Amino acid sequence: MRLTGLSAIALVTAAAWGSAHAATPTAADFASCNAAARDAVKGGSASPSAASPTPKDQGRAVSARQGKEPTDATGRISQSRDPQLEGMDAEGAKDPLYQAAYRTCMRKAGF
């Protein structure tokens, strides 16, 4: 009976760990959040439930305008210090509102 109890604990632990680390954004997730961020910028502000640009967004926007953000061949941010900014359009990264809207979209999507 003790083995059964330990097995149950191991299964619950493995399931919890797997669900917490299984989410990996896809190209479709990147495209969807880039579209949402573009819409937020066109509207002049993020949606009411979206976060406002933070000082970090402001600083990253300056770095992006200076060409200091690493990008991949598709023109998306790669190797960001903020995992919720992975896959963000490099042009959009130059705008702190775009960054805030993109990050909020990724967070809502579970990333």
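I started with Arg103. It has a relative accessibility of 8%, so I file Arg103 as buried, the cut-off being under 20%. I am working on a predicted model, so every value here is computed from that model.

**Entry: partners of Arg103.** Which side chain meets Arg103 at 2.3 Å? I found Asp57, in a salt bridge, N to O. The pair joins distant parts of the chain: Arg103 sits in helix H4 (residues 96-108) and Asp57 in helix H3 (residues 55-65), 46 residues apart. Arg103 and Asp57 are both buried.

I then checked Asp82. Its side chain also forms a salt bridge with Arg103, at 3.9 Å, N to O. This pair too links distant parts of the chain, with Asp82 in the loop between H3 and H4 and Arg103 in helix H4, 21 residues apart. Asp82 has a relative accessible area of 15%, under the 20% limit, and therefore counts as buried.

**Entry: the network.** I traced the charges further. Asp57, Arg60, Asp82 and Arg103 are linked in a network of salt bridges. The structure as a whole holds four salt bridges.

**Entry: Arg60.** I placed Arg60 in helix H3. Is Arg60 buried or exposed? At 16% relative accessibility Arg60 counts as buried, because the limit is 20%. I listed what Arg60 touches, leaving out residues up to four places away in sequence: Glu69, Asp82, Leu85, Ala93, Gln99 and Arg103.

**Entry: Lys94 and Glu91.** I looked at another salt bridge. The side chains of Lys94 and Glu91 meet at 2.9 Å, N to O. Lys94 is partly exposed, with a relative accessible area of 28%. Glu91 is exposed, since its relative accessible area is 55% and the cut-off is over 50%.

**Entry: the buried side of H3.** I went back to H3 and noted which residues are buried: Asp57, Arg60, Ala61 and Ala64. Why do they share the same side of H3? They cover an arc of only 105° around the axis, so they fall on the same side of H3. The general rule is that an α-helix has 3.6 residues a turn, so residues three or four places apart point the same way. I asked which element the buried residues of H3 pack against. They pack against H4. Just after H3, I noted Gly67, which takes a positive phi of about 75°.

**Entry: the largest pocket.** I read off a volume of about 280 Å³ for the largest pocket. The lining consists of Thr54, Lys56, Arg60, Ser63, Lys68, Glu69, Pro70, Gln79, Ser80, Arg81 and Asp82. How many charged residues are in the lining? By class I have six charged, four polar and one nonpolar.

**Entry: the whole chain.** I finished with the totals. The protein chain has four helices and zero strands. From the N terminus on, the elements run α-α-α-α. Of the 111 residues, 30% count as buried. I also looked at contacts with a separation of 6 or more: residues 24 or more positions apart account for 59% of them.

Conventions. Residues numbered from 1 in each chain as written. Predicted model: local features only at pLDDT ≥ 70, side-chain atom pairs only at ≥ 80, totals over all residues. Heavy atoms only, no water. Helix = DSSP H or I, 4+ residues; strand = E, 2+ residues; numbered from the N terminus. Buried < 20%, exposed > 50% of the residue type's maximum accessible area, 1.4 Å probe, protein only. Arc of directions from axis to C-beta. Contact = heavy atoms within 4.5 Å. 1 Å grid on protein atoms, 1.4 Å probe; cavity = no way out; pocket = protein on both sides within 12 Å on 5 of 7 lines; lining within 4 Å. Points joined across faces, edges and corners; volume = space filled by probe spheres on them. Nonpolar A, V, L, I, M, F, W, Y, C, P; charged D, E, K, R; others polar.
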